Amino acid sequence: MPYSARMQKSHLYSIFFAPRGGERMADLGMQIAQLYLSPFDKLIGLIGVAGSGKSMIIKGMFPGLELTNDDEGVNVRPLPLFSVDETGFYTAHTYHIDIRFESAFMQMHELADAILYAVNKGKRVIVEHFDLIYPHLGRNAHMLIGIGEEVIITRPTLFGPKPQEICDIVFKSVNARLRVHTAEDLCEFFLAKQGIDPHLYDHAEVRRGFILTFIQKPDIDLELLEKQVNDFIDDDVDISYSDEKHILIDGEKHECTGPRMHVRSAGEIEKVTLLKEILQEPITDLYLLVGVVGEIDDVNDINHIVL
């Protein structure tokens with residue numbers, strides 16, 4: 001057994017917060033590749049709704065890989081996956097395929113046959129929407145990655161987990177991520193109106209919420225900020241995609257690194273609660289603005305483990 005496989009044979013699953021924003025998703029993909037990817041993994045499946053960040057995770061894990069569902073690469077025919085020759089010697093090592101997209105053009109059994117043929121030739125195949133093709137493959141992936149509110153990494157065995165188990169988790173939880181992302185952008189929107197430059201803070205995650213991190217303690221009226229955000233929620237203002245770097249909040253353009261991951265209107269968030277003090281993190285000395293969707297019962301219990 002290869003050394004890397006021996007090191008991970010007791011690995012059941014790992015969980016990360018799913019970052020909001022393309023660059024942070026790509027950084028997480030790079031981290032996943034460094035920590036969990038084996039050179040001997042030939043079939044890697046990703047599961048998650050459209051726009052959840054699957055492609056950005058892949059770009060981080062496999063820099064330079066041509067994605068067949070990229071805005072600039074869409075409609076490339078024939079699929080590179082189908083160019084694997086009989087020996088496989090002169091073809092690429094790693095291929096990407098989006099099952100949901102390709103199933104509009106090809107039969108599932110054709111896609112499954114092509115994936116298995118490439119894997120048997122020693123190629124690596126990265127499959128988005130792996131849950132759709134799994135019943136036709138007759139085998140699981142070497143690595144499964146599910147993306148919802150959190151990113152789940154698992155190495156299935158004969159005993160599971162099956163792709164549907166990952167689906168049941170990430171499809172259910174992704175709405176929480178949409179709500180949090182929109183709440184975070186609403187806070188940014190009104191922080192700008194208080195004169196806070198968005199380049200002065202960075203972003204981090206907590207369960208069902210978000211953190212804005214500052215090097216120096218900011219002067220922010222937290223009561224006013226919370227009221228402004230919740231007023232927009234009560235008014236159910238429109239939130240919509242503008243372009244790859246912006247969303248529209250009540251018709252006003254706002255810079256965003258993940259413009260496809262939002263609820264359609266602010267009312268879907270229901271309520272945002274901000275911690276009414278700026279915390280200082282004792283290890284990094286960063287100052288933290290903390291917000292959650294819903295209520296904050298105990299700030300020390302926000303990241304409780306759910307089993």
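Reply: What follows takes the labels one by one, for a model that is predicted.

Me: Why is the contact between Glu184 and Arg20 called a salt bridge?
Reply: The term asks for a side-chain nitrogen of Lys or Arg within 4 Å of a carboxyl oxygen of Asp or Glu. A search of the whole structure finds 13 salt bridges.

Me: What makes this pair a tie between parts apart in sequence?
Reply: Arg20 sits in the loop between strand 1 and helix 2, and Glu184 in helix 7, so the pair ties together parts that are 164 residues apart in sequence.

Me: Why are strand 1 and strand 3 said to stand at the edges?
Reply: The open sheet has six strands in the order 1-6-5-2-4-3, with mixed pairing. Strand 1 (13–17) and strand 3 (94–98) each have a single partner strand, so one side of each is left without a neighbour in the sheet. From one strand to the next, the twist averages 15°.

Me: How do you know that strand 3 and strand 4 pair?
Reply: Pairing needs at least two bridges. Five bridges join strand 3 to strand 4 (residues 124–128), so the two count as paired. They run parallel, and the bridge partner of Asp98 in strand 4 is Glu128.

Me: What packs on the sheet?
Reply: Helix 5 (residues 108–120) does, touching strand 2 (43–47), strand 3 and strand 4. The direction of helix 5 makes about 150° with that of strand 4. Helix 6 (residues 130–137) lies across strand 2, strand 4 and strand 5 (143–147), and runs at about 135° to strand 2.

Me: What makes a space a cavity and not a pocket?
Reply: In a cavity a 1.4 Å probe fits but cannot get out, whereas a pocket is an open set. The structure holds one cavity of 30 Å³ or more. About 70 Å³ of space lies in the largest cavity, and its lining includes Arg20 and Arg177. Helix 7 gives the largest share of that lining, three residues.

Me: Which residues are closest to the centre of the largest pocket?
Reply: The largest pocket has a volume of about 1600 Å³. Of its 49 lining residues, the closest to the centre are Gly22, Glu244, Thr257, Gly258 and Pro259. Helix 7 gives the most to this lining, with eight residues.

Me: How does the lining of the largest pocket divide, and what makes a residue charged?
Reply: Asp, Glu, Lys and Arg count as charged, and the lining of the largest pocket divides into 23 charged, 14 polar and twelve nonpolar residues. Glu244 is a Glu, so it counts as charged.

Conventions:
Residues numbered from 1 in each chain as written. Predicted model: local features only at pLDDT ≥ 70, side-chain atom pairs only at ≥ 80, totals over all residues. Heavy atoms only, no water. 1 Å grid on protein atoms, 1.4 Å probe; cavity = no way out; pocket = protein on both sides within 12 Å on 5 of 7 lines; lining within 4 Å. Points joined across faces, edges and corners; volume = space filled by probe spheres on them. Helix = DSSP H or I, 4+ residues; strand = E, 2+ residues; numbered from the N terminus. Axes fitted to C-alpha atoms, helices over the stretch in contact; angles between N-to-C directions. Contact = heavy atoms within 4.5 Å.
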